[in-house]
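Please keep the model in view while reading.

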Amino acid sequence: MAYSFPVEVLEHIFSFIDSDNDRNAVSLVCKSWYEIERWCRRKIFIGNCYAVTPRIMIRRFPELRSVSLKGKPHFADFNLVPEGWGGYVDPWVLAMGRAYPFLEELRLKRMVVSDEALEMVSKSFKNFKVLVLSSCEGFTTDGLASIAANCRNLRELDLRESDVEDLGGNWLSCFPESCTSLVSLNISCLGSDWSLQSLSALERLVGRSPNLRRLRLNRAVPLDKLANLLRRAPQLVELGTGTFSSELRPDVFSNLSGAFSGCKELKALSGFWDAVPSHLPAVYTICSGLTSLNLSDANIQSSDLVKLISECQNLQRLWVFDYIEDSGLEALAESCKNLQELRVFPSDPYAMEPNVTLTEQGLVAVSEGCPKLESVLYFCRQFTNNALFTIAKNRPNLTRFRLCIIEPRTPDYITLEPLDAGFGAIVQNCKELRRLSLSGLLTDRVFEHIGTHAKKLEMLSIAFAGDSDLGLYHVLSGCKSLRKLEIRDCPFGDKALLANAAKLETMRSLWMSSCLVSFEACKLLGQKMPRLNVEVIDERGPPDSRPESYPVEKLYIYRSVAGPRLDMPAFVWTMDEELALRLS
Amino acid sequence: MEKSEQHERDLNFAGTELRLGLPGIDDLKKQVQPSANKSNKRSLPDMNENCTSELTGNTSTPQKKGHPAPKAQVVGWPPIRSFRKNCLAKKNEAENSGVYVKVSMDGAPYLRKIDLNIYKGYKELVKALEDMFKFSVGGFSEREGYNGSEYVPTYEDKDGDWMLVGDVPWDMFISSCKKLRIMKGSEARGMGCVV
C-alpha cells in the first residue's frame with residue numbers, strides 16, 4: 001500500500017516485539033506484515049518437535065538466531081514413555097546447520113541428543129552462545145568436549161537434569177585458555193567421581209570467566225574446593241554447591257564462611273548434597289540476600305532447616321524435602337513473607353508408614369502466612385477437603401497448584417469423602433490458575449467443577465481419578481484454555497474423546513495411559529482428524545493383534561502440520577487414513 | 001440427576017461428533033467394561049508376564065529377609081524424577097525403589113528398560129532377558145562363562161568396565177550394574193565364553 005511505512009521502519013518497530021504471542025498476532029495482520037515479520041523473527045519456541053518439521057520452520061523463518069524445542073511428553077519424566085519413543089534432535093541440527101549459520105542459541109527439553117549432534121552444533125554455528133539441555137539424554141562427555149573446544153564465544157552451558165554418560169576424559173579442559181565468555185555453567189547433573197585434573201580445569205575456567213554469574217556444580221566437587229571457586233567468582237548470582245560434607249576442620253569452615261561472605265550478589269543457592277548441619281552456618285552471611293533456596297538434594301532435618309530458613313527473610317522460592325515437617329513450614333510462614341513458590345518433595349515415598357510429620361497443616365500454614373504464594377508442589381500422605389477450602393480462601397492468587405497425595409485414591413482422612421469439593425474450591429477461587437495436578441480419591445464431580453470454573457487452566461495432570469467418560473468430557477468441553485492434558489490410570493474411554501475431537505486441535509497434546517480408549521476409537525480419530533497425530537504406544541505388540549475394542553496401553557495425541565512422523569520405533573503406530581486402510 | 005442426563009444426551013448428539021459404528025446406533029459396539037474403578041488391575045488376558053510397564057496392586061515383589069513386604073510399586077508413581085530418587089536416604093535405595101537399567105541387544109532396533117529389583121537372582125534375570133529378546137544362553141559356568149550360546153549377557157559396571165553377567169554375587173551386581181548389553185557370542189570371546 002502506498003501510504004504504509006517503509007519495510008525498514010516496520011522491521012525496526014517489530015524488533016521491539018519480543019513475545020511469541022505478539023509476534024504471531026503481528027504476522028496475522030496482513031500479508032505484507034506476515035512477510036516482514038517472518039524475515040525479522042529471531043527467536044522461536046516449538047513446544048512439540050513433531051508438530052512441525054525443520055524444513056517448515058526454515059522456510060518460514062530464514063533468519064532465526066534462537067531456537068527452543070521440546071521433545072518427549074512430560075510423563076517421560078516418570079518412566080511412562082518407553083525408551084526409544086523419539087524426540088531426536090539430530091535432524092533439526094542437521095537442517096539448522098545448513099540454514100542458520102548465525103544461530104546463537106539452542107534450548108532443548110526432553111530430547112535425545114547425540115554426540116554427533118553436539119559436534120555439529122559446535123562446528124556449524126560460528127557465533128554460538130547458549131546451549132541449554134534440560135532433561136535430555138543420549139550424549140556423553142565427548143559431546144560436551146566438542147562444545148567446549150569449538151564454541152569460541154560460549155556464554156551458557158546448562159545441562160540441567162540431563163542424563164549424561166560420563167566417559168571420563170577431562171572435557172572441561174577442552175575449553176581453550178582464550179575462552180573467557182562464560183556467564184552460566186550448570187553441570188549439576190554430572191557424576192560424583194571426578195579426577196583432580198577435572199577439578200583443576202574447573203578452577204582455571206572459573207578463574208578466567210569474569211562474567212560468570214551462574215555456576216551449578218556437581219556432587220563430585222568437594223567442599224574444600226568450594227571456597228577457592230567462590231573466591232575466584234565473587235560476582236556469582238547463582239550457586240549450586242557440590243557435596244556439602246567433609247571432615248569438620250575449623251580452617252575449612254572459616255575459609256568457606258569467608259568465601260561466601262565475599263559473594264555479595266548471591267541470590268540463589270542449591271546443591272548441598274550430603275549436607276552436614278554443622279556446615280550450614282557457613283552460608284549465613286549471604287542468606288538475607290537470597291531469593292531462591294533449593295535444598296531438595298539435602299537430607300537435612302527439620303530443626304536445622306528452620307535455622308537456615310529463618311535467616312532468609314527475602315526468600316521467594318523454596319524447594320525442600322518433607323523433612324521440614326509441619327513445624328518447619330509454620331516457621332517458614334512466619335519468616336518468609338515474600339515467598340512465591342514452594343516445593344516439598346518426599347524423602348521416602350515408598351515407605352508404608354510416613355517417616356515425617358508432614359501433613360495438610362503445613363501447607364495450610366504457608367497459605368495463611370505467605371500472601372504472595374502462587375506456585376505449589378506438595379507431596380504428602382493425607383489431606384482434607386477443609387484444608388483445601390482454607391488454602392483456596394487464603395490464596396486466590398495461586399497460579400500453579402500441584403498436590404500429590406502419595407497413595408492413589410486416598411480420601412479425606414477425616415470424613416472419608418472424595419476430595420472433589422476441595423479441589424472444586426481451588427478452581428473456583430483461584431481464577432488465575434494455569435496449572436493443576438490432582439490426587440487423592442476423586443469422582444467425576446471434580447471434573448465437573450474443573451470444567452465449569454478452570455477457564456484459564458493450561459495444563460492438567462490426572463491420575464487414578466474419575467468414574468466414567470463424563471469426567472473427561474467435562475474437562476475437554478469446559479476448559480477453554482487447556483493446552484496440555486495428561487492422564488494415567490483413569491476410566492476414561494472412547495465416548496468423551498470422540499465427542500470432543502475438535503478440541504484436541506486447539507491443544508498442544510493429550511497423553512492417556514492405562515485408560516480405556518479402544519484401538520477402534522484411535523483409528524477413527526486418526527482417520528477423521530488429519531491434523532492430529534494419534535500415536536498408539538503399545539509394548540504388547542501390534543494393536544491389530546488384539547480385538548479392536550481392547551484399550552490401548554498408551555495414547556499420545558498432538559496437533560501437527562508435519563503429518564505422521566517417520567522415526568517411530570516398533571511399538572508406536574500413528575493412526576491415519578493410510579494405516580486404517582492397511583489394517584482394515 | 002438431571003444434569004448428568006443432559007450430559008448423556010449431549011454425548012449422544014449425533015450431529016457433530018465422531019462415532020463408531022453406523023449412524024443410529026447409540027452405544028459403541030463391543031465396548032469393554034472392565035471393573036477398573038477401584039483397583040489397578042487390568043482385566044486383559046494377554047498381558048505379557050514379563051512386561052514391566054505396569055505392576056498391578058496384587059503383584060508380589062521379592063522380599064529381602066527380615067523386611068516387611070514393600071508396597072508393590074506402580075510405574076511412575078509417585079511422580080518423582082529418577083535423579084531425585086537417587087539421592088534419597090541411602091538405606092531405601094535398593095530395597096524399595098526400582099533399579100532401572102537399560103538393556104540393549106546387538107541387532108535389535110531399540111532398547112528396553114528393566115527393574116533389576118524384581119528379580120530374585122541371575123536365573124530369573126537371564127530367563128526374563130531370554131523371553132524379552134527371544135534368545136537362549138545355555139549353561140553358565142565359572143570357568144567358561146556362557147558355553148555354547150549365540151548371545152551372551154554382559155553389563156557395564158560402575159567403573160565403566162564391561163563384565164560377564166553372573167560372576168559377582170547378586171547383591172553386588174545390582175548395586176554396580178549400570179546397563180546391560182546382550183552381546184553376540186562371537187564378540188564375547190575373551191570373556192571366558194567358548195563359542
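The side chain of A:Arg540 meets that of A:Asp538 in a salt bridge, 2.7 Å from N to O; the term denotes a side-chain nitrogen of Lys or Arg within 4 Å of a carboxyl oxygen of Asp or Glu. A:Asp538 is likewise buried, with a relative accessible area of 1%.

The model is predicted, so local features need pLDDT of at least 70 and side-chain atom pairs count only at pLDDT 80 or more, whereas totals for chains, interfaces and linings use all residues. Residues are numbered from 1 along each chain as its sequence is written, chains are lettered from A and ligands numbered from 1 in the order in which they are written, and side-chain values use heavy atoms, with hydrogens and water left out.

Chain A contains 22 helices and 23 strands, which are DSSP runs numbered from the N terminus (helices H or I, at least four residues; strands E, at least two). The radius of gyration of chain A is 25 Å, close to the 25 Å that the globule rule gives for 584 residues, so the chain is as compact as a globular protein of that length. That radius is taken over C-alpha atoms, and the rule is 2.2 Å times the number of residues to the power 0.38. Of the 584 residues of chain A, 60% count as buried.

Over all chains, the count comes to 41 salt bridges. One of them joins A:Lys72 to A:Glu137, with the closest N and O atoms 2.6 Å apart. A:Lys72 lies in the loop between strand E2 (66-70) and helix H5 (90-99) of chain A, and A:Glu137 in strand E5 (residues 137-140), so the pair ties together parts that are 65 residues apart in sequence. Both partners are buried, A:Lys72 at 18% and A:Glu137 at 13%.

Another salt bridge, at 3.7 Å from N to O, links B:Lys113 with A:Glu83. This pair crosses between chains, from strand E2 (residues 112-115) of chain B to the loop between E2 and H5 of chain A. B:Lys113 is partly exposed, with a relative accessible area of 29%, whereas A:Glu83 is buried at 16%.

Terms used
Buried means under 20% relative accessible area, exposed over 50%, partly exposed in between (1.4 Å probe, protein chains only).
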